[in-house]
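Subject: Handing over the model

Hi there,

Here is the structure I promised you. Please open it alongside this message, and then read on for what turned up.

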Amino acid sequence: MSSVLKISDLHVSVGETPILKGVNIEIRQGEVHALMGPNGSGKSTLAYALAGHPNYTVTRGTIEVDGKDITEHAPDERARLGMFLAFQYPVVIPGVKVADFLRHSVTNVRNPDRREGEGLIGMREFRKELRSRMTELGMDHEFARRYLNDGFSGGEKKRMEILQLAMLQPRFAILDETDSGLDSDAVRVVSEGLARLSGPEMGVLIITHHERLLEFNAPQFTHVMLGGRIVETGDAALAHDLHANGYATVRARHPEAAADEATAKEVVA
Amino acid sequence: MCVWLIAVEECIDVEEMNGKAMSLAAKHPGRIGFDIEVFEQFLSGRREADWITAARRDAFEKYTQLLAQELPAEEFKRLDLRPFNAELFRPVSDSGELEAVSALLGETSDYGGRIVHQDGHAVEVSGSDQLAEKGILFGELQAMLEQHRELLEPFFMRRAVSPDADRFSAWHAAFWTGGTLLYVPRNVEVELPLHSLITSTRNGVADFSHTLIIVDEGARATLLEETASADADSAGLHVGCVELIVERDAQLRYVQLQNWNQKTWHFAHQAGVVENNGTLQWTVVGLGSRVSHIHQDINLAGRASSAEVNGVTFTSDRQKLSYYTQQHHQQQGTRSDLLYREVLRDESRVIWRGMIKVDIPAQQTDGYQRSDALMLSEEARCDSIPGLEIEADDVRCTHGSTTGRVDQDQILYCMSRGITRNEAMHMIVEGFFQEVYDRIPIPVVRDTLSQTVQKKLGIETLAADVMSADDEEF
Ligand SMILES: Nc1ncnc2c1ncn2[C@@H]1O[C@H](COP(=O)(O)OP(=O)(O)OP(=O)(O)O)[C@@H](O)[C@H]1O
Ligand SMILES: [Mg+2]
């Protein structure tokens with residue numbers, strides 16, 4: 001039976017400011033969804049809310065995995081249930097080696113019942129696995145010994161996110177602009193990498209402003225977010241159309257959400 | 001050129017409090033120090049050369065004078081010493097029954113020699129015979145001073161720490177007992193590190209142990225020293241002194257890991273003197289004690305001498321650890337590089353006052369100092385105050401300090417990868433110290449620190465991770 005990630009009527013606030021105003025999306029394992037929308041429309045907010053970021057408060061609605069409500073779950077519990085977020089802005093963890101970080105992380109995700117302090121997966125097999133994933137993503141093995149994201153270029157950070165995705169093999173992956181900041185070769189590597197990694201076991205939500213990632217990972221569904229709401233859902237053709245023509249026609253079709261978008265900007269300003 | 005990185009935090013001024021402490025002390029002088037009766041009684045239990053006793057008497061005289069004066073304000077005004085009561089502590093004339101105190105660095109590695117002190121008296125010396133074959137002197141300080149007076153007297157409390165620096169140095173000079181001496185003759189290398197363990201086992205003991213290391217021209221050595229208490233509850237006083245003398249072209253690596261229990265008062269003068277082209281690598285680790293104050297001098301006395309100073313401090317509960325560090329560039333082309341990192345838990349407090357001093361002849365000097373603190377609780381508090389005093393005009397001195405809290409985005413990022421909040425905290429703290437560990441080229445020290453820090457963070461079992469499974473590096 002394939003798993004399903006169900007987002008229902010999700011309202012999310014940052015502090016006192018409501019950002020998401022009733023988002024509904026259902027993602028099954030094996031499906032690719034694209035999420036598009038102008039800057040500030042709330043895409044990253046949705047991604048953070050799905051990951052369980054404490055600053056993003058769910059004020060209404062639910063997030064469910066296979067009928068299990070995870071809206072109140074801590075971020076690490078969500079990860080152990082198979083959720084993964086590739087961050088738009090990956091965080092630097094100074095002094096923590098990529099290999100040590102990932103060994104810990106992989107151990108926890110693969111053994112969801114592991115308690116703190118219990119043994120980690122064997123170094124030998126882990127090393128072998130990590131190296132082959134790095135090779136596939138065209139990464140120098142030296143990265144494993146570097147401190148996580150410390151001094152990495154923008155593109156290197158994005159690749160590191162994909163490497164983590166490859167190691168953790170989540171059931172649901174949310175990629176927040178993983179393709180921005182990459183040179184065209186890197187976009188290709190990442191796009192192909194994702195195509196290889198996804199497949200029937202993974203449901204993917206791709207947040208993007210570009211088309212390349214979607215070329216390799218054709219979405220069955222494209223959602224358009226405006227003013228904190230999903231205003232339209234279509235197929236790959238919709239994504240293509242938005243890339244070609246921008247959001248003017250979407251705003252025209254949804255004046256109410258477009259108005260919300262304007263007030264949100266004022267509040268922030 | 002001087003660059004201010006980030007200046008942080010105002011400091012509370014306890015000068016007034018210490019002023020009150022002075023008036024309290026005037027009424028009860030025994031609270032802040034030892035009087036002549038304690039001194040005479042101490043002397044009556046000593047068996048030592050007359051010249052040593054004579055030096056003590058001189059020091060005691062200075063001590064009495066200094067005790068009547070206020071402590072140097074700039075160095076002590078942030079440290080509240082009112083709760084200190086010297087009446088609770090006395091030196092003891094013997095080591096007492098031998099107690100096995102578990103050392104952090106002790107069991108883990110092969111040492112070329114080892115010396116153990118208990119309650120201010122040497123109880124074990126090993127390796128000195130083999131070392132003696134190469135002309136190296138390693139052993140208990142008093143015996144060595146008596147046997148090699150001509151060689152050692154010019155160094156002892158003359159080249160690095162002076163008895164009249166302040167009341168603590170004078171106190172030490174009058175009452176020192178036991179102690180570690182290492183003398184490495186010209187061009188000799190001590191291949192394996194040496195280990196010194198200083199323990200406190202009984203309630204109310206005042207311990208005045210001394211460390212004197214002399215690395216003669218072109219010689220090399222490494223000494224790892226640690227202090228520990230036998231139990232968590234015995235109150236102790238330690239007034240210590242460390243003297244590191246690095247002659248021209250010599251190299252010394254010295255580590256001191258202070259791990260007294262949280263009932264111990266720890267005061268120390270520590271000074272290194274580096275002559276022409278000599279290098280000193282000095283690591284100071286502060287984990288224990290109730291209150292500690294370390295005065296650390298790095299004297300770059302010879303041309304092109306250099307010093308790297310590392311500090312790792314981790315405080316918890318209501319501990320208060322205070323450092324006054326001074327990198328003193330006295331000659332041309334000298335280099336100093338100081339990096340302190342502090343992690344503070346609970347209601348603990350760290351004070352770091354750092355100075356770079358550059359004398360007129362010390363052109364082409366490169367001085368660096370930095371202290372970074374990571375606060376794990378709202379109640380912890382850190383004052384770091386870097387400072388410069390530069391008289392030469394062609395120098396490069398950089399200093400700075402930061403204080404911050406654990407970044408919630410870092411925690412979230414780790415957690416979103418399946419790592420628990422606790423594990424994330426451990427990783428982040430460990431990572432924070434890593435930059436200092438990376439500067440310490442002695443694996444046993446790095447590993448010990450890493451495990452000790454993990455333990456102090458709270459979840460003991462997590463420390464097992466460090467050593468886990470096949471225990472290999474990636
Ligand atoms: N932590 C925060 N504090 C204040 N405002 C926030 C915060 N996070 C998001 N917002 C606001 O919420 C709105 C949506 O932001 P979000 O980052 O979700 O947009 P986005 O769709 O991902 O945009 P982009 O395409 O530029 O990445 C914006 O107006 C933003 O300023
Ligand atoms: Mg975004």
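The shell around ligand 1 divides into 5 nonpolar, 8 polar and 2 charged residues. In this sorting, Ala, Val, Leu, Ile, Met, Phe, Trp, Tyr, Cys and Pro count as nonpolar, Asp, Glu, Lys and Arg as charged, and the others, Gly among them, as polar. Before you go further, please note that this is a predicted model, in which local features need pLDDT of at least 70 and side-chain atom pairs count only at pLDDT 80 or more, while totals for chains, interfaces and linings use all residues. Residues are numbered from 1 along each chain as its sequence is written, chains are lettered from A and ligands numbered from 1 in the order in which they are written, and side-chain values use heavy atoms, with hydrogens and water left out.

Ligand 1

Altogether 15 residues surround ligand 1, and the closest are N39(A), G40(A), K43(A), S44(A) and T45(A). A residue belongs to these surroundings if one of its heavy atoms lies within 4 Å of the molecule. Helix α1 (residues 43-51) of chain A gives the largest share of the shell, 3 residues. Helices (H or I, at least four residues) and strands (E, at least two) are DSSP runs, numbered from the N terminus.

Which atoms of the protein lie 3.3 Å or 2.6 Å from an oxygen atom of ligand 1? A backbone N or O atom of S41(A) is 3.3 Å from such an oxygen, and an N or O atom in the side chain of T45(A) is 2.6 Å from one. E177(A) also takes part, with a polar side-chain atom 3.3 Å from an oxygen atom of ligand 1. The protein covers 68% of the 630 Å² of accessible area that ligand 1 has on its own; such areas come from the Shrake-Rupley method with a 1.4 Å probe, and for residues only the protein chains shown count as cover.

The magnesium ion

Ligand 2 is a magnesium ion, and its protein donors are S44(A) (OG) and Q88(A) (OE1), lying 2.0 to 2.2 Å from it. Donors are N, O and S atoms within 2.8 Å of the metal (3.2 Å for Na, K and Ca), and water is not among the atoms, so sites may look incomplete. S44(A) lies in helix α1 of chain A and Q88(A) in the loop between β6 (83-86) and α3 (98-110), so the pair ties together parts that are 44 residues apart in sequence. Is Q88(A) buried or exposed? Q88(A) counts as buried, because its relative accessibility is 14% (buried means under 20% relative accessible area, exposed over 50%, partly exposed in between, with a 1.4 Å probe and protein chains only).

Chain B

Y323(B) and Y340(B) form an edge-to-face aromatic pair, 5.2 Å centre to centre with 80° between the planes. Rings of Phe, Tyr and Trp (its six-membered ring) pair if their centres lie within 6.5 Å; planes under 30 degrees apart count as stacked, over 60 as edge-to-face and the rest as tilted. Y323(B) is buried at 2% relative accessible area, and Y340(B) is buried at 0%.

Finally, look at the backbone. Most residues other than glycine have a negative phi. D119(B), however, has a positive phi near 45°; D119(B) sits in the loop between β2 (113-118) and β3 (121-126) of chain B. N277(B) has a positive phi of about 60° and is partly exposed, with a relative accessible area of 44%.

Enjoy exploring!

Note on methods. Polar contact = N/O pair within 3.5 Å; in protein donor to acceptor, adjacent residues only side chain to side chain.
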